[in-house]
Amino acid sequence: MINSLIEKIKGRGTRIVFTEGSDARILEAAVRLHKENILTPVLLGNRAEIMGAAAALGFDIDGIEMLDPREYKNMEMMVKRVIQLRRGKLDEEAARAACLKTNFFGTMYVELGCADGLLGGATYSTADTVRPALQLIKTKPGSSIVSSCFIMQREGSESLVMGDCSINIDPSADDLVEITLQTAHTVRQFGIEPRVGLLSYSTLGSAKGSSVEKVKEAATRLKRMDLDFGVEGEIQFDCAVAPEVSKLKAPNSKVAGAINTFIFPNIDSGNIGYKIAARLGGYEAVGPILQGLNAPINDLSRGCNAEEVFKMAIVTAAQKYMDI
């Protein structure tokens with residue numbers, strides 16, 4: 001998948017801002033992205049700190065753009081735009097202070113059209129990356145929430161998709177419907193044909209509980225829609241992936257036993273699930289890929305490595321050329 005995305009974006013000068021410019025993982029990925037002419041990285045932060053970190057780590061960042069919010073020549077214009085976007089929420093002093101923070105500044109830099117996308121979260125929390133995006137970039141028409149998915153890859157195996165594992169803590173049935181639709185749309189853009197299962201500890205009425213009822217309601221609504229992909233739920237994981245189990249528990253399902261896109265009932269199960277697959281199952285987790293925003297903004301796991309930063313930067317750049 002990553003190689004095909006590189007072919008899509010290489011040499012186009014797609015500008016991606018990195019909110020933690022002095023982080024070792026960001027620097028390593030940025031050097032590689034720049035050297036291979038895949039995209040144009042813009043490192044945010046204190047210029048001296050970035051240069052000092054690069055020198056200490058032995059990274060040659062010659063030719064890579066650095067941008068310190070304190071030196072930004074168009075700060076007055078940015079502050080005015082923030083006041084406009086956050087009308088009644090921020091006065092001039094608060095807007096100016098916010099713009100000095102690289103997560104907020106970077107989001108505004110994208111909003112103003114100075115960059116094509118943003119990647120943050122190496123040290124910032126998910127909330128610190130997503131909140132400015134919601135406030136400034138906002139959700140795209142037709143979306144009421146932002147969600148996320150991970151594309152799980154393992155050599156010799158079909159890619160799997162898991163959502164939402166990082167944004168919505170306890171999604172409602174309405175939210176699960178939207179998460180499912182967003183995830184199916186996203187993964188198709190990355191060349192995966194979704195077969196969706198809404199996961200639960202119950203399969204088609206085998207158990208009861210408030211969580212079961214929530215997932216069941218979402219699945220029922222989805223099945224009533226004119227969808228061009230298969231969906232099943234509520235469904236247990238073994239029934240979702242094992243044909244021999246699906247024959248017993250869901251014999252009439254068109255996708256049970258062969259599901260490749262998993263929608264979790266809450267963030268607990270989603271976060272635990274993708275990390276089990278990554279740490280014990282040998283899958284590489286590409287993501288979280290944010291869905292539902294007006295521009296490519298993505299969040300890193302604070303436990304990420306430079307290779308993951310490299311790949312997520314490519315994903316973020318590729319979203320520029322998709323109907324995100």
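1. Helix H4 passes helix H5 in a right-handed crossing; a crossing is right-handed if the near helix is turned clockwise from the far one by less than a right angle, and left-handed if anticlockwise. Helices (H or I, at least four residues) and strands (E, at least two) are DSSP runs, numbered from the N terminus. The axes of H4 (residues 75-85) and H5 (residues 92-99) come within 9 Å and cross at roughly 120°. Axes here are lines fitted to C-alpha atoms, for helices over the stretch in contact, with angles from 0 to 180 degrees between N-to-C directions.

2. The model is predicted: local features need pLDDT of at least 70, and side-chain atom pairs count only at pLDDT 80 or more, while totals for chains, interfaces and linings use all residues. Residues are numbered from 1 along each chain as its sequence is written, and side-chain values use heavy atoms, without hydrogens and water.

3. Which residues of H4 meet H5? Met75, Glu76, Met78, Val79, Val82 and Ile83 of H4 are in contact (heavy atoms within 4.5 Å) with Glu92, Ala95, Arg96 and Cys99 of H5. By class, this contact has seven nonpolar, no polar and three charged residues. Nonpolar covers Ala, Val, Leu, Ile, Met, Phe, Trp, Tyr, Cys and Pro; charged covers Asp, Glu, Lys and Arg; the others, Gly among them, are polar.

4. Cys99 is buried, at 0% relative accessible area, whereas Cys114 is partly exposed at 25%. Buried means under 20%, exposed over 50%, and partly exposed in between (1.4 Å probe, protein chains only). The structure holds zero disulfides, a disulfide being a pair of cysteine sulfur atoms within 2.5 Å. For Cys99, the closest cysteine sulfur is in Cys114, 12 Å away, which is too far for a bond.

5. Six strands form an open sheet with mixed pairing, in the order S8-S7-S9-S6-S5-S10. Strands S8 (230-235) and S10 (284-291) stand at the edges with a single partner strand each, so one side of each has no neighbour in the sheet. Neighbouring strands are turned by 20° against each other on average, direction ignored. Two strands pair if DSSP finds at least two bridges between them. S7 (residues 195-199) and S9 (residues 261-263) pair in the parallel sense over three bridges, and Gly197 has Phe262 in S9 as its bridge partner.

6. Helix H9 (residues 210-224) lies across S7 and S8, at about 160° to S8. The loop between S7 and H9 includes Thr203, which is buried with a relative accessible area of 4%. Apart from neighbours within four places in sequence, Thr203 contacts Glu234, Ile235, Gln236, Cys239 and Lys249.
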